[in-house]
Amino acid sequence: MDSSLVQVNPLLLPLNKEKTVYDGFITVEEQDFRMRILLPPDRQLKQAKLHCSWQLKHLLHGYEHIVKQRLQQSTDLVSFILELKTVLEVGLKSRPECSSIPPPRYYSQLISEMETLGWDTLLFIDTEFRTLRLKAEDSSGRQHILTIKLKSKHPAEAPECSADLPVPLAITWTPQSTLEQLHKQFVLVLESLTEFWDVLDELDSQTWILEPEKPTWSDTMRRITIGNNVSIKVEVNPRHPKMLPECCLLGAEHVVTPLRNKLNANMHLWNPNFSVLHNLRDVLEIKFPSPATHEKSGFSADCGICYSYHLEAAIPDQVCNDPRCGQPFHQACLYEWLRALPSSRQSFNIVFGECPYCSKPITVKMLAKKS
Ligand SMILES: [Zn+2]
Ligand SMILES: [Zn+2]
């Protein structure tokens, strides 16, 4: 009988010669649940007592009568264990959350790892002790957060890590890895990006940024005010932050064209030893309005159709090309306005019409359909 118990459920073993006490685990769907079976001296199952771990109890909740019935009817321990396994399989399927409850050693492992790392690093832990947020500081004193989702087989299985970064977070994990090592890797990733954030910090503090309004650590784009309704959109490469970024000038044609010509003519002057702001000033031959010299309200002009600045995520980036007008509009507002006028005409995805302010010719691209 016992040899077949080893085959059916190898982790449950007799503790004494009389084989009246069995202790160990019952294994269902590759998960082990702690249990102990006490049999009377005659080893009759009818009189047997089951001691279950709280996980097992939780899983058997609602099936207690079936377990009792099986104890009464089973002829030997092996057939009872087999029946119990069937009940547990049903229980696991109906309560999928049970399958994710980690074994007790998970918690002791987590606590010892946190002790090595330092509890002051922990910003947050959820009630199930599965999601952690750790803080980290780069050498320039910027605060960062590493979010870790631990697997129930931690540390055998690699945790899921995420952070607000402009590059994918690549983490090396082995079953011997610890949270402390993970944190160290994260700090190294932060160090590799300090030059990138230095470049953007300079832009954020010394120019008027139109977009994004509240940049996060992962934002690589900045739309910088050059003048009234004129701006430059730069896309900084996180790996090579001081190289010439992708640039796009936005505004009325008569203002943008000379700037674009300067950019093309002076591109060779770009010096990667200097910051992006320094280079942009040299290449465009301009001074950017800054919080020290100008008010932002002078640049963030509202849309001439809806009279607001923000339209969902959009800002007024369509500008009348007439030098005396220069009125900005939201693309959506201008498109709807022109389309409604009988004097407008549409060719492919461009609508040609008149500026609602100065009646000079104005064009707008049809908005890309939202999928
Ligand atoms: Zn508008
Ligand atoms: Zn106009």
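This is a predicted model: local features need pLDDT of at least 70, side-chain atom pairs count only at pLDDT 80 or more; totals for chains, interfaces and linings use all residues.
Strand β2 (residues 21-28) and strand β3 (residues 31-38) run antiparallel and are joined by eight bridges. Within the pairing, F25 has R34 in β3 as its bridge partner. Strands of a sheet pair through backbone hydrogen bonds, in either a parallel or an antiparallel arrangement.

**The sheet of β1 to β4**

Strands β2 and β3 belong to an open sheet of four strands, ordered β1-β2-β3-β4, with antiparallel pairing. Its edge strands are β1 (12-14) and β4 (49-52), each of which pairs on one side only. From one strand to the next, the twist averages 25°. Helix α4 (residues 77-94) packs on this sheet and touches β1, β2, β3 and β4. The direction of helix α4 makes about 40° with that of β2.

**The sheet of β5 to β8**

A further open sheet of four strands has the order β5-β6-β7-β8, and its pairing is antiparallel. Here the edge strands are β5 (122-125) and β8, each pairing on one side only. Neighbouring strands of this sheet are turned by 20° against each other on average, direction ignored. Strand β5 pairs with strand β6 (residues 131-137) in the antiparallel sense over three bridges, and F124 stands opposite R133 in β6. Helix α5 (residues 104-117) packs on the sheet by touching β5 and β6, and its direction makes about 10° with that of β6.

| α4 (residues 77-94) | β1, β2, β3 and β4 | about 40° with β2 |

Residue H154 is found in the loop between β7 (143-149) and β8 (160-163). Is H154 buried or exposed? H154 has a relative accessible area of 5%, and it is therefore buried, since that term applies under 20%. The side chain of H154 makes a polar contact with the side chain of E113, at 2.8 Å. Leaving aside neighbours within four places in sequence, H154 is in contact with Y106, Q109, E113 and W173.

**Division into domains**

The chain is divided into domain 1 (2-100), domain 2 (104-192), domain 3 (195-297) and domain 4 (305-365). What distance separates the centres of domain 1 and domain 3? Taken over C-alpha atoms, these centres are separated by 69 Å.

How values were computed:
Residues are numbered from 1 along each chain as its sequence is written. Chains are lettered from A and ligands numbered from 1 in the order in which they are written. Side-chain values use heavy atoms; hydrogens and water are left out. Helices (H or I, at least four residues) and strands (E, at least two) are DSSP runs, numbered from the N terminus. Buried means under 20% relative accessible area, exposed over 50%, partly exposed in between (1.4 Å probe, protein chains only). A polar contact is a pair of N or O atoms within 3.5 Å; within protein, one must be able to donate a hydrogen and the other to accept it, and residues adjacent in sequence count only if both atoms are side-chain atoms. Contact means heavy atoms within 4.5 Å. Two strands pair if DSSP finds at least two bridges between them. Axes are lines fitted to C-alpha atoms, for helices over the stretch in contact, and angles run from 0 to 180 degrees between N-to-C directions. Domain bounds come from an automatic or database domain assignment.
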